[in-house]
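Please read the numbered points with the sequence and the model side by side.

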Amino acid sequence: QVQLVESGGGLVQAGGSLRLSCAASGRTYSISAMGWFRQAPGKEREFVGVIRWSGEYTNYADYADSVRGRCAMSRDNTKNTVYLQMNSLKPEDTAVYYCAAGGSVPIGTMTEGRVYAYWGQGTQVTVSS
């Protein structure tokens, strides 16, 4: 089993920045991809970004069109932690953000929540206008 704990959410004004963290524990050797998803009230969960690695090296990253250019994911393998840096935040970015982790997730399916075996509890991000 892998446990995921998100942190870093909060209230920020439009145009501001936040960095979300997702710390993994347990059988971390079994995961090689971590994604961020978000869900706003009354809306379906949507993909935000994904990062995939092999050992120490990150070999793939991708982002939703809605956040591309404003968000970047990074990984600290010594801490088993993945970060989501979000800049130029907009009110429409307001949502609960979830991190998810999986093993060998095919690139073509990384935007789909169903392929991730482990999920965190979520962290609230609120962007005021």
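This is a predicted model: local features need pLDDT of at least 70, side-chain atom pairs count only at pLDDT 80 or more; totals for chains, interfaces and linings use all residues.

1. The place of Asn80 is the loop that links β7 and β8; strands here are DSSP runs of E with at least two residues, helices are runs of H or I with at least four, and both are numbered from the N terminus. The backbone of Asn80 has a positive phi of about 50 degrees, although Asn80 is not a glycine. Asn80 is partly exposed, its relative accessible area being 34%; buried stands for under 20% relative accessible area, exposed for over 50%, and partly exposed for values in between, with a 1.4 Å probe and protein chains only.

2. Residues are numbered from 1 along each chain as its sequence is written, and side-chain values use heavy atoms, with hydrogens and water left out.

3. Asn80 belongs to the turn of a hairpin that β7 and β8 form with 4 residues between them. Strand β7 (residues 71–76) runs antiparallel to β8 and is joined to it by 6 bridges; two strands count as paired if DSSP finds at least two bridges between them. Within this pairing, Ser74 stands opposite Tyr83 of β8.

4. Tyr83 in β8 is here the bridge partner of Ser21.

5. Why is strand β8 described as largely enclosed by the rest of the structure? Of the 6 residues in β8 (residues 81–86), 5 are buried, and therefore the strand is largely enclosed.

6. Phi of Ser88 is positive, near 50 degrees, in a residue other than glycine. Ser88 is partly exposed, with a relative accessible area of 42%.

7. The loop between β9 and β10 (118–119) contains Thr109. Thr109 is buried, at a relative accessible area of 18%. Leaving aside residues up to four places away in sequence, Thr109 touches Arg114 and Val115; a contact requires heavy atoms within 4.5 Å.

8. How many disulfides does the structure hold? There is 1, where a disulfide is a pair of cysteine sulfur atoms within 2.5 Å. Cys22 and Cys99 form it, with their sulfur atoms 2.0 Å apart. Because Cys22 lies in strand β3 and Cys99 in strand β9, the pair ties together parts that are 77 residues apart in sequence. The torsion about the S-S bond is about 55 degrees, so the disulfide is right-handed. Cys22 is buried, with a relative accessible area of 0%, and Cys99 is buried with a relative accessible area of 0%.

9. Cys71 is buried, with a relative accessible area of 9%.

10. As to the overall fold, the protein chain has 0 helices and 11 strands. Its radius of gyration is 14 Å, close to the 14 Å of the globule rule for 129 residues, so the chain is as compact as a globular protein of that length; the radius is taken over C-alpha atoms, and the rule is 2.2 Å times the number of residues to the power 0.38. The C-alpha trace spans about 40 × 25 × 25 Å along its principal axes.

11. Of the 129 residues, 45% count as buried. The largest nonpolar core has 38 residues, and those touching the most other members include Leu4, Trp36 and Leu84; such a core is a set of buried Ala, Val, Leu, Ile, Met, Phe, Trp, Tyr and Cys residues joined through side-chain atoms within 4.5 Å. Among the strands that each supply at least two residues of this core are β3, β7, β8 and β9.
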